[in-house]
Amino acid sequence: HFLWNHISDETTRFINHIFENVSSLIIPPFYGLHIRRTDKKFEAKYKSTLDYITGLEKLLSSGNKSKLNVFIATDDSNIMNEIIQLKPAWNFFRLINRDPRRHDLANDQKLYETRIFMSELTLMIKAQGIVCTMSSNVCRLIQILRYQSETTVLSLDTSWHAEK
């Protein structure tokens with residue numbers, strides 16, 4: 001991807017290191033859920049965790065849904081407990097629990113958070129399918145960078161299609 005060709009070597013090493021650490025969790029095919037909760041609640045209608053699960057099941061209308069591998073990109077640290085209770089047979093993983101609402105972080109912590117975010121974007125781009133809300137700039141960016149069919153993404157709110 002053009003964007004990834006222009007990041008610093010240090011950031012590239014960081015992302016590669018993250019992937020080395022989570023490679024045992026990334027069992028293809030895997031799917032991605034981008035769940036915004038903190039600032040999004042002021043911008044768009046709330047979507048429950050169950051909405052995301054139902055969305056993924058709809059996206060995968062055919063095939064075996066009994067045991068899925070799902071990457072969670074979220075700004076809500078409570079999501080993992082909630083989602084595991086809804087689908088205990090599925091394998092869920094995320095990179096770290098973080099609070100992006102904090103604006104008082106030191107510069108080195110902000111850089112770390114940005115690199116984690118870029119690692120999350122990279123995982124979402126590699127996902128077989130994603131469920132998100134297209135009202136989110138991040139979701140639209142992910143879809144632009146994925147180079148995958150629009151049938152592999154489900155928006156829970158606004159429909160949006162990248163220009164070809």
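C132 counts as buried, its relative accessibility being 0%, where buried denotes under 20% relative accessible area, exposed over 50% and partly exposed in between (1.4 Å probe, protein chains only). The model is predicted, so that local features need pLDDT of at least 70 and side-chain atom pairs count only at pLDDT 80 or more, whereas totals for chains, interfaces and linings use all residues. Residues are numbered from 1 along each chain as its sequence is written, and side-chain values use heavy atoms, with hydrogens and water left out.

C132 is joined to C139 in a disulfide, with the two sulfur atoms 1.8 Å apart; the criterion for a disulfide is a pair of cysteine sulfur atoms within 2.5 Å. C139 is likewise buried, with a relative accessible area of 0%. The structure contains 1 disulfide.

The chain comprises 5 helices and 5 strands, taken as DSSP runs numbered from the N terminus (helices: H or I, at least four residues; strands: E, at least two). Along the sequence these elements follow the pattern α-β-α-β-α-β-α-β-α-β. Of the 164 residues of the chain, 46% count as buried. Among the contacts in the chain with a separation of 6 or more, 58% involve residues 24 or more positions apart, a contact being defined by heavy atoms within 4.5 Å.

Helix 4 (residues 107-126) packs against helix 1 (residues 9-22) at an angle of about 60°, with the axes 10 Å apart. Axes are lines fitted to C-alpha atoms, for helices over the stretch in contact, and angles run from 0 to 180 degrees between N-to-C directions. Helix 1 and helix 4 are therefore oblique to each other, given that angles under 35 degrees count as roughly parallel, over 145 as roughly antiparallel, 65 to 115 as roughly perpendicular and the rest as oblique. Helix 1 passes helix 4 in a right-handed crossing; a crossing is right-handed if the near helix is turned clockwise from the far one by less than a right angle, and left-handed if anticlockwise. Helix 1 contributes E10, T11, F14, I15, I18 and F19 to the contact, and helix 4 contributes Y112, R115, I116, M118, S119, T122, L123 and K126. By class, the residues of this contact of helix 1 with helix 4 comprise 8 nonpolar, 3 polar and 3 charged, with Ala, Val, Leu, Ile, Met, Phe, Trp, Tyr, Cys and Pro counted as nonpolar, Asp, Glu, Lys and Arg as charged, and the others, Gly among them, as polar.

Helix 4 also packs with helix 5 (residues 137-146), their axes coming within 9 Å and crossing at roughly 55°. Helix 4 and helix 5 are therefore oblique to each other, and their crossing is right-handed. The contact is formed by F117, L121, M124 and I125 of helix 4 together with V138, L141, I142, L145 and R146 of helix 5. In the contact of helix 4 with helix 5, 8 residues are nonpolar, none polar and 1 charged.

Two loop residues were also examined. Y147 lies in the loop between helix 5 and strand 5 (153-155), and its phi is near 55°, a positive value in a residue other than glycine. Most residues other than glycine have a negative phi. Y147 is exposed, at 67% relative accessibility. S77, in the loop between strand 2 (69-74) and helix 3 (79-86), is partly exposed, with a relative accessible area of 39%. S77 and R37 are separated by 40 residues in sequence and by 9.8 Å in space, C-alpha to C-alpha.
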